[in-house]
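Hello,

Here is the structure I said I would pass on. My notes follow below it.

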Amino acid sequence: MASQAPDVTQVVAPDGTVDGEVELSAEDTRNVYRLQVLARTFDEKAVSLHRQGRIGTYAPLKGQEAAQVGAAYALSTDDYCFPTYRDHAMYLTRGHSMRDVLLHLLGAGNYVDREDPDGLRTFTPTIPIATQLPHAVGVGMAADYDGDDAAALASFGDGATSEGDFHEAMNFAGVFDAPVVFFCQNNQYAISVPRERQTASATIAQKADAYGFDGMRIDGNDVFAVYRAVTEALERARRGEPVLIEAVTYRQGAHTTTDDPSKYREEAEVEEWVEKDPIERTREYLQAEHGWTDEDEAALREDCEARVAEAVDAAEAHDGFDTDAMFDHVYADEHPRHPDQRETVPDDPQVER
Ligand SMILES: Cc1ncc(C[n+]2csc(CCOP(=O)(O)OP(=O)(O)O)c2C)c(N)n1
Ligand SMILES: [Mg+2]
């Protein structure tokens, strides 16, 4: 099996040649390709909207499309998903509207209606790093107690593995056989901290050993490898075997729109990873194996641009900010300090510029 490092599982190489078992049908491959292109089109637009002062701080996903789309595509509708603040493509793959994702970035709404009317079983991103991991284990254990044949997928970054919550969640999952897949997108940086300063472990996958379950290390820029690994891990998790997946990938853009990565990494390194771009790779494969044409490509790009433009218009036409909503679900009952705090929030706050 070809690999970019000896222990990274890969199915399709950067030039599109197949060197493993492809489990996605032609139709599914076209779907995951479309979702990746849609995510990138959205991402580029979001960076530009921030520059124009039209949305708040944004965490770009460029380079991580295959990891996010491949993982979310492997989930069943019964499974639970815990994305991070960078996982916009996971939300889109899971079925959230792009307008809702934008509303959140505008500060005018949230990804998730608490009642979950569409049954998306996908949680809001948490900003405090790794706090979603114990939540995912708890939700997985609750599903298990209810006799629900569902697993929880918890997404997080390489930096999150240094948090206590990561270790507590992994420990609980191992001890209680929780149906959880820990999906780490190792994008090589936690803001400016490179992976080798994050942990002295040779890999992130090997951390699973300490908790009594298996770790897998895969090429996170290979949507086929991601889909296959997450599908297998979810099946094992539903049988009570948690799994840790390290998806090796790269953040091609800035940490957020307030970051300048030229302060801590060389352009040559970025270029090296652009050569292993996930979208190019899926397209090479589609062209070689499923007759994807230049006309298909042009039509897709046009469709993605139109869908993004429509979502931006729909989001910007929102009917105001519900500033009370931020207090609504913090405690089961109103906290004694909340009435005063509600008063301090302006009715029409401006997006931070
Ligand atoms: C508990 C906590 N500490 C610090 C931060 C500040 N912070 C925001 S993002 C980030 C880096 C996280 O890196 P990683 O887990 O690799 O995810 P990535 O941003 O690379 O996707 C840090 C330290 C935070 N949000 N929460
Ligand atoms: Mg990271």
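A salt bridge here is a side-chain nitrogen of Lys or Arg within 4 Å of a carboxyl oxygen of Asp or Glu. This is a predicted model, in which local features need pLDDT of at least 70 and side-chain atom pairs count only at pLDDT 80 or more, while totals for chains, interfaces and linings use all residues. Residues are numbered from 1 along each chain as its sequence is written, chains are lettered from A and ligands numbered from 1 in the order in which they are written, and side-chain values use heavy atoms, with hydrogens and water left out.

Salt bridges

The rule above gives 18 salt bridges. One of them joins aspartate 214 to arginine 236, at 2.6 Å from N to O. Aspartate 214 is in strand E6 (residues 214-219) and arginine 236 in helix H8 (residues 223-238), 22 residues apart; helices (H or I, at least four residues) and strands (E, at least two) are DSSP runs, numbered from the N terminus. Aspartate 214 is partly exposed, at 40% relative accessibility, whereas arginine 236 is buried at 15%. Buried means under 20% relative accessible area, exposed over 50% and partly exposed in between, with a 1.4 Å probe and protein chains only.

Arginine 281 and aspartate 219 also form a salt bridge, at 2.9 Å from N to O. Since arginine 281 is in helix H10 (residues 278-290) and aspartate 219 in strand E6, the pair ties together parts that are 62 residues apart in sequence. Both arginine 281 and aspartate 219 are buried. Shared partners join Asp214, Glu232, Arg236, Arg239 and Glu241 into one network of salt bridges.

Magnesium site

Asp158 (OD), Asn187 (OD1) and Tyr189 (O) coordinate the magnesium ion (ligand 2) at 2.1 Å. Donors are N, O and S atoms within 2.8 Å of the metal (3.2 Å for Na, K and Ca); water is not among the atoms, so sites may look incomplete. Along the chain, the donors follow the spacing D-x28-N-x1-Y. Aspartate 158 is buried, at 1% relative accessibility, and tyrosine 189 is buried at 8%.

Nonpolar cores

A nonpolar core is a set of buried Ala, Val, Leu, Ile, Met, Phe, Trp, Tyr and Cys residues joined through side-chain atoms within 4.5 Å. The largest has 65 residues, and those touching the most other members are Phe42, Tyr58, Met98, Leu102, Phe183, Val230 and Ile245. A second, separate core has 27 residues, including Ala152, Phe156, Ala169 and Ile204.

Regards
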